[in-house]
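Me: I am new to this structure and would like to understand the words used to describe it. Please set each value against its definition as we go.

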Amino acid sequence: MSGHNVPKPAAAAGGSERGSRPQTSRNTLTPLETDVPAAVITVSTRCANGEREDKSGPVAVSELAQWRIVSPDPVVVPGKVDAVRAAIAEAIAGGARFILTTGGTGVTREDVAPEACEALIAQRLWNIETQILLRGLENTPLAGLSRAIVGIVREGSDSGVVLANAPGSRGGVKDTVAIVAPLFPNLLEQLDNPEI
């Protein structure tokens, strides 16, 4: 049992079999090597009207920045489907590869973030949604009231944009970022390298 005849791991031995396919980090989480542009959109009629301070949007910008996902100040829009979609389209046109909405995920008449986003999403990321829910439930049973969704938007983007909803609470934003941000580099790698 000298160890000299131990076969190489498949990943190391498979270089010739993969041909010209790029090496990927499918089995590990990898950090971003450069800053990636993002956008944060706060969905709240009261904040948009100046009746309440936006507290979740700035938290989202700060939390994302720790992962090199860089957003300017949040855009605040009322709880209207057209307003949310217009802000998303503007963010994509501006080069955002990650868009996080905060607020608008509950059950009031103006909680329209999921409805606004669902029609734009080409691929739902159901399992990430489940991960976010499970993390939220560790902190509060109220996490179950969120209808937040996550997915890939392809319209208006050459490679695709990750779009995620977060509740309008600071805790909800932190839970969402804590799950999605570590996965984002791997998502981006797959979006930018469709042959892997």
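Reply: Let us begin with burial, where buried means under 20% relative accessible area, exposed means over 50%, and partly exposed lies in between, with a 1.4 Å probe and protein chains only. This is a predicted model, in which local features need pLDDT of at least 70 and side-chain atom pairs count only at pLDDT 80 or more, while totals for chains, interfaces and linings use all residues. Residues are numbered from 1 along each chain as its sequence is written, and side-chain values use heavy atoms, with hydrogens and water left out.

Me: What makes the phi of R68 worth a remark?

Reply: Most residues other than glycine have a negative phi. R68 is not a glycine, and yet its phi is positive, at about 65°; R68 is found in the loop between α4 (56–65) and β2 (69–70).

Me: Why is V61 called buried?

Reply: V61, which is found in helix α4, has 16% relative accessibility, and because that is under 20% it counts as buried. If residues up to four places away in sequence are not counted, V61 touches V40, S71, P72 and P74, where contact means heavy atoms within 4.5 Å. The C-alpha atoms of V61 and V173 are separated by 9.8 Å, although the two residues are 112 residues apart along the chain.

Me: What makes α4 mostly covered?

Reply: Seven of the 10 residues of α4 are buried, namely S56, G57, V59, A60, V61, E63 and L64. These buried residues pack against β1 (36–43), β2, β4 (98–102) and α8.

Me: Why are α4 and α8 called roughly parallel?

Reply: Axes are lines fitted to C-alpha atoms, for helices over the stretch in contact, and angles run from 0 to 180 degrees between N-to-C directions. Angles under 35 degrees count as roughly parallel, over 145 as roughly antiparallel, 65 to 115 as roughly perpendicular and the rest as oblique. The axes of α4 and α8 come within 9 Å and cross at roughly 25°, and the two helices are therefore roughly parallel to each other. The contact is made by S56, V59, A60, E63 and L64 of α4 together with R170, V173, K174 and V177 of α8.

Me: How do you know that α7 is roughly antiparallel to α8?

Reply: Helix α7 (residues 126–139) and helix α8 (residues 170–192) have axes that come within 8 Å and cross at roughly 150°. Because that angle is over 145 degrees, α7 is roughly antiparallel to α8. On the α7 side, the residues making the contact are I128, Q131, I132, R135, G136 and N139, and on the α8 side they are D175, T176, A178, I179, V180, L183 and L187.

Methods: Helices (H or I, at least four residues) and strands (E, at least two) are DSSP runs, numbered from the N terminus.
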